[in-house]
Amino acid sequence: MKGEGKMVLKSKMKWVGLVGLVLSAISLFVHILLARFTEEGVSEFHSSITIFPRRAIGESLNFSKTSAMYRRLWGPVRPLESLHPDANPRGYCSDPNSDTNGFIFVRIQGGFHEIRNSICDVVVVSRFLNATLVIPELQSTTSSKGISSQFKSFAYLYNEDQFMAALSKDIKVVKTLPKNLKGQRKKKNIPSFKVPYSASPYYYKHRVLPVLKKHSVVELVVSDGGCLQAILPPDLEEYQRLRCRVAFHALRFRQEVQELATKILHRLRAPGQPFVAFDPGMTRDALAYHGCAELFQDVHTELIQHKRQWMIKRGIIKGNLFVNSAKQRLKGSCPLMPEEIGIILRAYGYLWDTIIYVSGGEIFGGQRTLIPLRAMFENVVDRTSLSILWELSRIYGREASLFESNPRSPPTVEEEMKVEAWKTAGPRPRPLPPPPARPKSYNIEGWWGWVAESDNEPDSTVMELRTNAHKLLWEAIDYVICVEADVFIPGFDRDGKGHPNFASLVMGHRLYQSAASKTYRPDRKEVVRLLEEISDHLYHANHTWLMSVRKHLRKRLVDGLLEASTISKSMSFISHPVPECSCLRRDYAGKSINASTSTPSSQSQVIAALGIVHFCPAWMENDLTLQTKDKDNEEALDEDDSTSSGLFFRKSNGDHEELSTKEETQLEDQDEVEGGDR
């Protein structure tokens, strides 16, 4: 009996084990299926569920598009609604000659905004000299930088075919030099010019053109983000419109980059609500150039000072090494910190669940600088939170592994003999061998090792050069999203050389493409003054202060634009392509003229200040008239609407910031009185 009992027990255990194995196999199979069929939807799930709240933004606030609050936060800027893009030639413009004066080969150095500025300039120079332009070589994306071999420099970032097709009626563009000239270039037998920043047409006509005619080819090296002066004489105005055709029509990003940017943009708009794009502009170069090292009060201060000293040695900066950063900040010469941007946006009325897209990659100072902004706004996102790793990796192409790709060469016989002699030397004490050479590769920041040991910046490793090339693609994605954003606000608009930066180009593109879209240009000096007023109670502002912030931001929608026409435009035309590349709607012009018979309207004053006198061509009028009727109907509904908005940082039980209805109505009414014309 005992034997039979043991047999039964063993058989039961076998069955239990078998059932366990079957269940494990089924579980594994199900997990594989889930992983396979949900991989493509991971990013959509991530963006629609874990990033944004389930409740649609403003759902419980009756946040309709016809409300006064919606118009104030997201609506168009009324004085600019009559402006529309028009970069077509306005006079006779001959096609490029098949018989040109020669070839212009260009090597462009710098970052994203410098490359974009430079390409626009070299196209204009080629037209001016009647030369054939060879597709420019971008030094940041050459094969020596460790990028994928399937791309050739320019094609790493931009669409070559689109570039050539869009400019076919303006200049002659070829992909490479002819074989005979290509051989001369390899032997460095072709004349080369290192073009100064913002060179004049006189420079090209009297220095470059004679050499071009003599040798049939010249090489231009452009390193400072622009090789032609931004403001051209009136008789060369058509060349300004050519710049617009290059920047806003010919320069399209590579298909894979454009597709990913569009996909991220769709994920941003998935909740069905508008979003704000914010570019901090906080780069190490910019902070060093403008003397803003003490904004951080940690190791980053030392890094900025190290960079500033390097700039002074090379003549980039002519000031002192030590600058009072507090005074620079009060003068408006330093970037607005993310916390400061968050405060003024909240003061203006943007709710805690507004979507904030942060562009520009990693901010100098790290993610900790974004902590206050994330505390004010729940939905602070960037491209990494709206995409997954394999999507970003796909746009890089197939890149060779840099690890163990360059094995160390074996030691020479002489070195081996020295080591052997040391081992077989007499009894100790004997001199210790020299320490091994310190590796030249640092972490990607490249900070902690070399700041204390050298006054020079370290040489970039291949991995760092590759990362710099990747940054161009990241900025291309950010550029597309910032241009298409419902609202854009920059933290800073200057780069590490004092020139207009990435944010300036975005604002210029938005001004050309949709002038009436909300683009805040805060006066940093005034914002700092306002923040200093409540420095002791930063998160508990009073009614008067809130109204001051609102008035300032609303005013800067137009005043900041007029200011840019004298400051930014003088350094970068495509950062302010008005009035050369804009036209005026005839019906709006008629309304302004009729209204001005009694009192000049705000719109007519703005148009006059911008200097826009060209009317849109007749073929544009029909579509624009239909759009105007729809907008007028919406504005008629807005006039009687005084929907309350959630303000500042006090949350109610329903997780919404609120002032009393009476106070909020007063704020809305005052906004309508002061900003009704705008």
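The disulfide between Cys583 and Cys616 is right-handed, because the torsion about its S-S bond is about 85 degrees. The two sulfur atoms lie 2.1 Å apart, where a disulfide is a pair of cysteine sulfur atoms within 2.5 Å. This pair links distant parts of the chain, with Cys583 in strand 13 and Cys616 in the loop between helix 23 (602-610) and helix 24 (618-638); helices (H or I, at least four residues) and strands (E, at least two) are DSSP runs, numbered from the N terminus. The model is predicted, with local features needing pLDDT of at least 70 and side-chain atom pairs pLDDT 80 or more, while totals for chains, interfaces and linings use all residues. Residues are numbered from 1 along each chain as its sequence is written, and side-chain values use heavy atoms, leaving out hydrogens and water.

A search of the whole structure finds three disulfides. Cys244 and Cys581 are joined at an S to S distance of 1.9 Å, and this link is right-handed, with 95 degrees about the S-S bond. Cys244 sits in helix 9 (residues 237-250), 337 residues from Cys581. By contrast, the link of Cys292 and Cys334 is left-handed, at -100 degrees. Counting bonded cysteines along the chain, the pattern is 1-4, 2-3, 5-6.

What of Cys120? Its sulfur is 8.4 Å from the closest cysteine sulfur, in Cys244, and therefore too far for a bond. Cys120 counts as buried because its relative accessibility is 1%; buried means under 20% relative accessible area, exposed over 50%, and partly exposed in between (1.4 Å probe, protein chains only).
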